[in-house]
Structures are given as structure tokens and as C-alpha cells.
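Here is a short briefing to read with the model open beside you.

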Amino acid sequence: LNSDTLENVKSRLVESPIGSTIAEAKEKGQRSWRKAVTGNPEKKIRDYMKEVPQVKFTDKVSFTFGVTCIIFTEFLALRHPEYFTQYYFGLIALLLSHRYIDYCATKSHLFMADFCYFMNLSVILQTGLYPDWLGWYKANYVLCLGCLMAASVMWNNSLVFHSLDKLTSIFLHAFPCLHLHLLRWGLIPCDAIKMDDSLSFTDVFILPLILFTIWQVAYLWFTEVLLFERIENDPELVTSMRHLAADKKNVMNILVTKVARSIGVFERDEVFDSNTMKTKIIFVVAQVIYTLVT
């Protein structure tokens, strides 16, 4: 075969359906590798490797902030827990204000209607305004040290000091738990909480379930009634439902998909579609089961 024949065969192969599929797969693979290595699917890896390594100023600030927060949190919890309430309230307000601005830019702000944000609000309202409401405190305690701590695993939270977003997620799930724990053992004074107090069946299941139901009803009204048209007309808006339905590597997505297929709710090759009522019902039921188990 001469070079002209080889070029002719190559051009025909490229123009064929198989050739187009191979070319698309190659392009997709290259873009995936580029994004994983450089953070930009358009930037070539060889060009990225030639660049001088630099640490961004924002990364430096985030790293310093994160390390300082961890050290100061430990200092307050161990030496001066009586000041931890004010510290928690101020820090979480600052972090969530920044997150709201940041998430608005990426149309992810509806994420902040999720359960973990609701629980932070619940803890702040109860401990700040109604410290003697023991039933509310116990409901918060059970949900935070159960659901929120387990959610750190579900959402793959990680302590990355140079990422303010990841730091915020860690603090969002850990601080209400630490705050309630300090209250439970008298390190933060509260007359309503006794050292010999215990949790009854009502405290462990009924009260937390009532609090969870309040959030779930409010969330469904917010996303399925109040903002339904806006969410439907803007596929770029990110909600926890859309994120979980699209994230095939998420632990909850994998587990719920397997269960749904095994009991016949899903077909063998069926996947979640956040726009369908079936997916919405499945995730609500899964959330209730997860809450009861954890």
C-alpha cells in the first residue's frame, strides 16, 4: 500500500459513523484528562506543565483562615467553651454569606435550602433564643449527631485548607454538632440541660421526625410550588435533587439506584431523572429512611 492509498482509507474511516464515534470518544477523553489535570478542558496538558507553579493569593488566604479557625476552635472548645456560641454564630454567618454570593454566581444557591442549612438555622434559633426548650434541643441533638455527621460521608466532605468551599462544608456539618455536645456536658452553661438527663423513644424518633417533616414540607413547597416554574425553565439551576440525580458516583445515588432496581421500582437500565415525579418520590422516601436510620 502506498501513502496515497493509506490516506484515502484514513479519510474514509474518519468520515464513517465508526470513525466519527472514535473521534468523539478521543476528544471527550482528551477534554476529561485536561480538566482533571489543569482544571480547564481547553488547556493542553503539555502547556500546563510548562507553566511556572503558582499558589493563588485566595488559596493562601483560605489556607491561613482554615488553619487559624481549626486552632482557635480547639482552643475555645477546650479552654473557654463559654464563648463558643458567639464564635459559632459569627463564623457560620460569615461563611454562609460568602457561600451565598459564590453560589449565586454559579446558580447553585438553591442548594442552601438543603437539610444541613436548615439544621444550622434550627440550632442557632433554639440555642440563641430558646435555650430552655429542651424538646427542641434534643431533636437538634439527635439530628445533628446522626444525620449531619453521616452526611459528611455521603457528600464526601474533606478538610482541604486551601479551599474555602470545602472548609465551609466541613464547618457546616461539624460546628452544630460540637456546639450541642458542649451544651450537653455542661461546658456551655444551660440550666435546662441536666448531666443525668437521658433520651426517651420520643426524644430519639418522634421529636426529630417532626422537625425533619417541617423541613421536608417546607422544602417541597419551596421547590415544587413557589419556585417550580423557575426551576423547570432554567436547567442550569442546581438543586440537591438535580445534583444527586446526576452524580452517579455519589454514595446515596448508587445505593438508592441498586435498591430501586432490586425491588422492581426501576428497570434494569433506568437511571434517575430529576424532572420526573418517580425520582422525586424515591428521593423523599430515601431521605426519610436515611434520617430514621442515622
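Helix α9 (residues 201-226) supplies the largest share of a nonpolar surface patch, namely seven residues. This is a predicted model, in which local features need pLDDT of at least 70 and side-chain atom pairs count only at pLDDT 80 or more, while totals for chains, interfaces and linings use all residues. Residues are numbered from 1 along each chain as its sequence is written, and side-chain values use heavy atoms, with hydrogens and water left out.

**The nonpolar patch**

- The patch is formed by L199, F201, V204, F205, I206, L209, I210, I214 and L292, and together they have about 770 Å² of accessible area.
- To be in a patch, a residue needs over 30% relative accessible area and no salt bridge; nonpolar side chains (Val, Leu, Ile, Met, Phe, Trp, Tyr) are joined within 5 Å, and like charges within 9 Å.
- Accessible areas come from the Shrake-Rupley method with a 1.4 Å probe, and for residues only the protein chains shown count as cover.
- I206 sits in helix α9; helices here are DSSP runs (H or I, at least four residues), as strands are (E, at least two), numbered from the N terminus.
- With a relative accessible area of 37%, I206 is partly exposed, a class that lies between buried (under 20%) and exposed (over 50%), using a 1.4 Å probe and protein chains only.

**How α5 and α8 pack**

- Two packed helices are described by the angle between their axes and the distance between the axes.
- For helix α5 (residues 84-105) and helix α8 (residues 164-184), the angle is about 150° and the axes are 10 Å apart.
- The axes are lines fitted to C-alpha atoms, for helices over the stretch in contact, and angles run from 0 to 180 degrees between N-to-C directions.
- The crossing of α5 past α8 is left-handed, meaning that the near helix is turned anticlockwise from the far one by less than a right angle (clockwise would be right-handed).

**Salt bridges**

- Side chains of opposite charge can pair when their charged atoms come close.
- A salt bridge here is a side-chain nitrogen of Lys or Arg within 4 Å of a carboxyl oxygen of Asp or Glu, and the count comes to six.
- D165 and R99 form one of them, at 2.9 Å from N to O; D165 in helix α8 and R99 in helix α5 are 66 residues apart.
- R99 is buried at 4% relative accessible area, whereas D165 is partly exposed at 34%.
- K280 and E224 also pair, at 2.9 Å from N to O, linking helix α13 (residues 277-293) to helix α9 across 56 residues.
- In that pair, K280 is buried at 11% and E224 is partly exposed at 27%.
- K107 pairs with E236, with their closest N and O atoms 3.5 Å apart; K107 is in the loop between α5 and α6 (115-129), and E236 in the loop between α10 (228-233) and α11 (240-246).
- K107 is partly exposed at 30%, and E236 is exposed at 54%.
- A network of salt bridges links K107, D234 and E236.

**A buried cysteine**

- C147 lies in helix α7 (residues 134-154) and is buried, at 2% relative accessibility.
- The C-alpha atoms of C147 and H173 are separated by 9.4 Å, and these residues are 26 apart along the chain.
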